[in-house]
Amino acid sequence: MNYNLKAPYINFNSTVDVKGKIAALVFLQECNLKCPYCYNKPLQQINPHLENFSISKIEKLITSNKGLHSIVLFSGGEPTLNDDLLKFIRRFKYKSKINPIGLQTNGTTDNLTEIIQEKLVEYIHLDYKADCLLNNQQKEIRHKNISLLLQSEIEFIFSVTAINQEEANFLIKQLHGELNDNNIEVKTQIIK
Ligand code: SF4
């Protein structure tokens with residue numbers, strides 16, 4: 001069976017996204033948030049004119065560039081919105097034996113819950129942000145995902161993205177409350 005990912009770009013040698021690793025970064029279109037400071041605005045919406053890569057094409061690209069990278073990282077946009085992502089990762093992991101696999105996510109989707117519960121990835125970077133854009137349901141899902149992630153064996157990193165120090169302080173305090181642990185490192189990015 002073939003799946004398509006709304007993934008128009010792949011960067012095979014990102015050195016800044018996972019500490020100590022070179023990542024093959026697969027960018028997926030579409031995001032459920034519309035942060036005004038978004039670093040990937042063209043990926044917020046689905047652009048019907050961009051090519052979607054089939055799983056076989058991405059697999060071929062990843063395997064033929066093996067050795068250039070030590071982790072495959074799905075980013076975006078919000079990668080977990082892509083309905084085929086779970087099937088995609090399952091095939092990567094169990095059939096093609098491509099691993100480790102990681103995700104950069106805003107944490108607010110049910111698909112992420114499934115990914116954590118199934119331990120489909122080895123690494124998750126959860127970027128905690130844009131509180132004022134989230135509805136209550138998204139906040140609840142994010143909270144549940146944070147709790148599940150803490151109990152899982154998945155390697156994780158938390159970051160906060162904010163427009164100024166005041167918002168960053170608010171988000172860090174709130175996130176530490178959700179983590180129930182002030183000692184977990186939270187990286188901060190302030191968008192100027
Ligand atoms: S969550 Fe990330 S990708 Fe989505 S709009 Fe905000 S900054 Fe952009």
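Which residues surround the ligand? Select Cys31, Leu33, Lys34, Cys35, Cys38, Asn40, Gln44, Gly76, Gly77, Glu78, Asn106 and Ala130, and you have the shell around the ligand.

Before moving on, two notes on the model. It is a predicted one, where local features need pLDDT of at least 70 and side-chain atom pairs count only at pLDDT 80 or more, while totals for chains, interfaces and linings use all residues. Residues are numbered from 1 along each chain as its sequence is written.

**Stop 1: the ligand shell**

Colour the shell by class and you will find five nonpolar, five polar and two charged residues. For this colouring, Ala, Val, Leu, Ile, Met, Phe, Trp, Tyr, Cys and Pro are nonpolar, Asp, Glu, Lys and Arg are charged, and the others, Gly among them, are polar.

Now zoom in on Gly76 and Gly77, both members of the shell. The peptide bond joining Gly76 and Gly77 is cis, with omega about 20°. Gly77 sits in the loop between S5 and H2; helices (H or I, at least four residues) and strands (E, at least two) are DSSP runs, numbered from the N terminus.

Look for Ala130 in the loop between S7 and helix H4 (136-151). Ala130 counts as buried because it has 21 C-beta neighbours inside 10 Å; the cut-off for buried is 20 or more other C-beta atoms within 10 Å, for exposed 12 or fewer, with partly exposed in between, and C-beta atoms placed from the backbone.

**Stop 2: the whole chain**

Zoom out to a cartoon view. The protein chain has five helices and nine strands, in the order β-β-β-β-α-β-α-β-α-β-α-β-α-β from the N terminus on. Its radius of gyration is 16 Å, close to the 16 Å that the globule rule gives for 192 residues, so the chain is as compact as a globular protein of that length. That radius is taken over C-alpha atoms, and the rule is 2.2 Å times the number of residues to the power 0.38. Along its principal axes, the C-alpha trace spans about 45 × 35 × 30 Å. Buried residues make up 32% of the 192 residues.

**Stop 3: the core**

Select Leu5, Ala7, Val26, Leu73 and Val121, the residues with the most contacts inside the largest nonpolar core, which has 37 residues. Such a core is a set of buried Ala, Val, Leu, Ile, Met, Phe, Trp, Tyr and Cys residues joined through C-beta atoms within 7 Å. Among the elements that give two or more residues to this core are strand S3 (21-27), strand S5 (71-75), strand S7 (123-129) and helix H5 (165-179). S3 gives the most, with five residues.

Centre on Ala7 next. Leaving aside residues up to four places away in sequence, Ala7 touches Val26, Phe27, Leu28, Asn52, Phe53 and Ile58; contact requires C-beta atoms, placed from the backbone, within 7 Å.

**Stop 4**

H3 comes next, with Leu112, Ile115 and Ile116 buried. They cover an arc of only 95° around the axis, which puts them on the same side of H3. On the other side, Asp110 and Gln117 are exposed. The buried residues of H3 pack against H2, S6 and H4.

**Stop 5**

Most residues other than glycine have a negative phi, and most peptide bonds are trans. With that in mind, go to Lys97, which follows H2 and has a positive phi near 55°. Lys97 is exposed, with 8 other C-beta atoms within 10 Å. In the loop between H2 and S6 you will also find Pro100, joined to Asn99 by a cis peptide bond with omega about -5°. Finish just after H3, where Lys119 takes a positive phi of about 50°.

Definitions and conventions:
Near = placed C-beta within 6 Å. Contact = placed C-beta atoms within 7 Å. Arc of directions from axis to C-beta.
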